[in-house]
Amino acid sequence: MPIELPAGVEVQIGDNNVVTVKGPKGALTQQLHPAMSINQEGNVIHVTRPNDLKENRALHGLTRSLLHNMVVGVTEGFKKELDVNGVGYRVQKDGKKLVMNLGYSHQVTMDEPEGITIDVPNPNKIVISGADKQKVGQFAAEVREKRPPEPYKGKGIKYTDEVIRRKEGKTGVKKK
């Protein structure tokens, strides 16, 4: 499947398949597998494989997806939203730091990585956005890891679109 380049996106394909994509939201550089051949014709990029071996078929799709995500990242960007649920659980932004009260005896602070912006629209919502899909997803996973949601009351940090499977607690029946 060819990758169409929107207006304002510039792609440079270097030797050894080092691809640089520049756009309005920034620039991304990635080393792609040397077995794949990447060709640019006008504003369309084609990825082709040398043969139909299983490994090359898999790398073909991977290379195409990575390139497409780079193009989408520099034009629209990627975003992950997290919800914080729990009594007394709240988050706030302090300069370039994310400060979280998560029921521990101390506050949990995390630094904003380079290329990623953290937004806290209200005390129980975190919005992580950036051009690199992998970095955005990784940082969102690291934030969620500080207090994953638990199945009984649903307390913790969860993705906005995540569904927590709830469990019933103890019934309290005594045996004789």
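His60 belongs to helix α1, residues 54-75. Beyond its neighbours within four places in sequence, His60 is in contact (heavy atoms within 4.5 Å) with Met36, Val47, Thr48 and Arg49.

The model is predicted: local features need pLDDT of at least 70 and side-chain atom pairs count only at pLDDT 80 or more, while totals for chains, interfaces and linings use all residues. Residues are numbered from 1 along each chain as its sequence is written, and side-chain values use heavy atoms, with hydrogens and water left out.

A nonpolar core is a set of buried Ala, Val, Leu, Ile, Met, Phe, Trp, Tyr and Cys residues joined through side-chain atoms within 4.5 Å. The largest has 20 residues, of which Leu82, Met100, Ile126, Ile128 and Val143 touch the most other members. Elements giving two or more residues to this core include β7 (78-85), β12 (125-130) and α2 (133-145); the largest share, 4 residues, comes from α2. Apart from this core lies another, of 18 residues, among them Val11, Val19, Ile45 and Leu59.

An unreviewed UniProt entry annotates residues 6-77 and 86-159 as "domain: Large ribosomal subunit protein uL6 alpha-beta"; such annotations may be inferred rather than shown by experiment. Helices (H or I, at least four residues) and strands (E, at least two) are DSSP runs, numbered from the N terminus.

| Span | Helix | Strand | End C-alpha distance |
|---|---|---|---|
| Residues 6-77 | 31% helix | 36% strand | 14 Å |
| Residues 86-159 | 18% helix | 38% strand | 14 Å |

Key. Buried means under 20% relative accessible area, exposed over 50%, partly exposed in between (1.4 Å probe, protein chains only).
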